[in-house]
Amino acid sequence: MMRGVFSFNQGWRFLQEDVQIRNFESIHHRYFDAPEWIKSGNNGLAKVGYPDQQWKAVDLPHDFLQDNAFSPDAACSHGSIEKGIAWYRKTFEIPAEDNGRRIQLEFGGIYRDSQVWVNGHFAGRHLSGYTSFCFDISELLNYGGHNVVAVRCDANLAELWSYEGGGIYRDVNLIKTDPVRVDWCGTFVNPAVKENCAKLTIETTVRNDRLEAVECEICSTVIDAEGREILTVGSPEKIELDGISTCIQTATLHNPVLWDVENPYLYTLKTDIFADGKKVDEYTTDFGIRTIHFDGEKGFFLNGKPLKLRGVCNHQDHAGVGTAIPDSLQEWRMIQMKNMGVNALRTSHNPPTPALLDICDRMGILVMDETRLTGSSPEFLQQLEDLIRRDRNHPSVIMWSLGNEEMNVQWSEVGVKQLRRMQNLVHKLDPSRPATYSMNCDWLEIADMYHAQGFRLDVFGANYNYTGHGVENEQYDKFHARYPDWPMLGSETGGSFATRGLYELEYYDGKPVELNEFGHGALCWENEHLKETASAYNNGLTPWGMSIDATWKACAERDFMAGTFLWTGFDYRGETYPYAWPAVITRFGIMDLCGFPKDAYFYYKAWWNPEPQLHLFPHWNWAGKEGQEIKIRAYANCAEIELYLNGERLGRKPVEINGYFETMVEYQPGKLEAVGFDTGGNEILRTVNETVGKPAAIRVIPDRTLLNADARDTAICRVEIIDSAGRLVPTANNTVEFSLEGSGKLIGVGNGNPTCHAPPKGNTVPAFYGLCQVLIQSADKPGEIILRVKSPGLSDSSVEFKTSTGKMLPVIPGIYNRVDRIEIDANPVDGIL
């Protein structure tokens, strides 16, 4: 039996507290009751029979902070949710015939400082809250019987200044292999394209855990997207006892199909290991063939063609689930970004879940892949190496980020030495991609210091374009004039904030929401209107921020700018600047925490897409403001826009390139209509905002109703409050209640309201400006799911889902997309893995 990779996500027990007495059934436990008396093999929490019946039953991924209440005493910068320490336990069986194979536990990510024990024995410790890791537990198992794995994690220490979650928030797999096998993350395909050929350098690391040296054959086969084997190369390799050997092979592929944002074509490398005349391992690696180049004068090139990076920075956080985002929800989020016109993603500020890179590979989205901690310590360099070795086969990844805004690093000679060491490591592990680092403050002065010390980043990453307090200036031009051959990009840009659906004063418990002390001192003296609200007009600016149009123009109008990465694609918990409690969610996102678009979304959609676009706002429900002027905006790529109110022509104005339409209109109920024209004066688009009636019913719009019965697939349901004519009521705040029947579960709710404290794991949530969201996940067996939605005084709604094992929709086959199969551990205790 060769390699098998099994999902290890189901059937865990969870306790959110630190267990002090751990010597259950341990040696000398009658005589030593000290909580830390842990001799080898003595951790009782990882022993079969430990009494965990009172622990909570959970499946993974799991962010345990989502079960905690919001509190004004908890750090606002981290979402006002108390952190803590937690334990996880899982009981499982390993068949007797697996004795002699190698068994590994693969963790996609645990936040943070995790310690793993198996059957009482210490398996390993992993500090990072973001990098993936793998422990070999072969010697610790009871073959033919029950086994227990216990995991302790401590989420108290912050690595970011925003919400980070807690627990085993990414997938876990159990891997079974022969003792002679491809090592974990053990392949690297590095294509070099010249004319119509691609020279493939294939690096394969093989590990031998047999009790003797072994002669083996490494056979590498390239398979195209249609499943045809198109190239094979083989090499002999001798691996010493308990040794590791890296084999380098080269092969030439003629007339390759290049991976591109419009045609993300993927090849597969199948690696077969033969020993003693038989195949002992099979390992697959998806890869793409493309060229990338950053130029100081002309920006970024993909496959020899210039391409402006239209990017966003995203944190890993979503309503209802926190950091434990299912793969299908990750994909849905990236679809929303792609529809906006995004072609690039910065994984700010940490290594992403591997599934996200699989999604970007398939969707044609370019990635700045970022390490979390900047420095030259063995721990920090190992985290960077782990990131590169894990992700360097993804064609979507075009650069490695060495960190973000580390003020104690970027300004000093010590920091330059550390960045140089990190960049050299990047060049050693992956000579095909550049390194960058994202710096804030006066980055032009930092560039001067680097130049004076003879150091240059492969790509210079500039966060924001400012000299102080919202002043728009020409820092990009000054930099380029001084260092014309240094490639650069806007690694973090924007700095405006907005609240979806809000166009006037914001209230909480009947009182106006106020800015926090930092906001008043650093921001409002520059922007007096912010003393009122952070509205959906994106009028709110940080001291370092620029308006949405100025941000894009600064990049679009300069060929030397490789691109821009907007802060941020989605709202996220914490970093609530410029607000304090009751705010628990930031407002920097172009979409809210649920992925509902703010109006700014449509500005970028207009200028990042060639198709005609016209978005008119605000809504037209302003009872009590008859005769008062309302600010009207349209984000559009039309040449001109004409407005009508109740059929009366109000005027026609041009729209400048990368600009927007704005005017004032006296409110009268009825229909506000915008008509868009092209440069020839021809009508190309028309949209209407009309005064709607009172809330009358609920409408549920799922992203799909056919799910895979894999205990992972998730439906994202948009819930709307509508009037009797079926129109969205943009001011509605009715509380909605959800119930579920059948083979599935409700895994989270949300509404995008930055000040809402409804439990994300509850079954009720108030609508926020007419909208809320519920997430429905399939079970591990086929069947039907019925979602019922109700609210007092409104007509109910329901949706029926069907789940099947027939793989009705594409799913990502595991966390690394390099496995021969993933199997679901449907019965983790009674079943055998």
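Helix H1 (residues 327–340) packs against helix H10 (residues 599–607) at an angle of about 55°, and their axes lie 8 Å apart. H1 is therefore oblique to H10. Angles under 35 degrees count as roughly parallel, over 145 as roughly antiparallel, 65 to 115 as roughly perpendicular and the rest as oblique. Axes are lines fitted to C-alpha atoms, for helices over the stretch in contact, and angles run from 0 to 180 degrees between N-to-C directions. Helices (H or I, at least four residues) and strands (E, at least two) are DSSP runs, numbered from the N terminus.

The model is predicted: local features need pLDDT of at least 70, side-chain atom pairs count only at pLDDT 80 or more, and totals for chains, interfaces and linings use all residues. Residues are numbered from 1 along each chain as its sequence is written, and side-chain values use heavy atoms, with hydrogens and water left out.

On the H1 side, the contact with H10 is made by Gln336, Asn339 and Met340. Tyr601, Tyr604 and Lys605 contribute from H10. Contact means heavy atoms within 4.5 Å. The contact residues comprise 3 nonpolar, 2 polar and 1 charged. Here Ala, Val, Leu, Ile, Met, Phe, Trp, Tyr, Cys and Pro count as nonpolar, Asp, Glu, Lys and Arg as charged, and the others, Gly among them, as polar.

Two strands pair if DSSP finds at least two bridges between them. S40 and strand S42 (residues 714–722) are joined in the antiparallel sense over 6 bridges.

A second open sheet of 4 strands has the order S14-S13-S16-S17, and its pairing is antiparallel. Its edge strands are strand S14 (229–239) and strand S17 (278–287), which each pair on one side only. The twist here averages 20° from one strand to the next. Strand S13 (residues 214–223) runs antiparallel to S14, and 10 bridges join them. Val222 has Leu231 of S14 as its bridge partner.

The largest pocket has a volume of about 730 Å³. Its lining comprises 27 residues. His615, Leu616, Asn689, Leu728 and Pro730 lie nearest its centre. H10, strand S33 (614–617) and strand S39 (683–690) each supply at least two lining residues. The lining divides into 15 nonpolar, 6 polar and 6 charged residues. On a 1 Å grid over the protein atoms alone, a pocket is an open set of points where a 1.4 Å probe fits, with protein on both sides within 12 Å along at least five of seven lines; lining residues have an atom within 4 Å of a point. Grid points are joined across faces, edges and corners, and a volume is the space filled by probe spheres set on the points.

Some backbone features stand in loops. The peptide bond from Trp567 to Thr568 is cis, with omega near -5°. Thr568 sits in the loop between strand S32 (561–567) and H10. The bond from Trp581 to Pro582 is also cis, with omega near 20°. Pro582 likewise lies in the loop between S32 and H10. Glu405 has a positive phi, near 45°.
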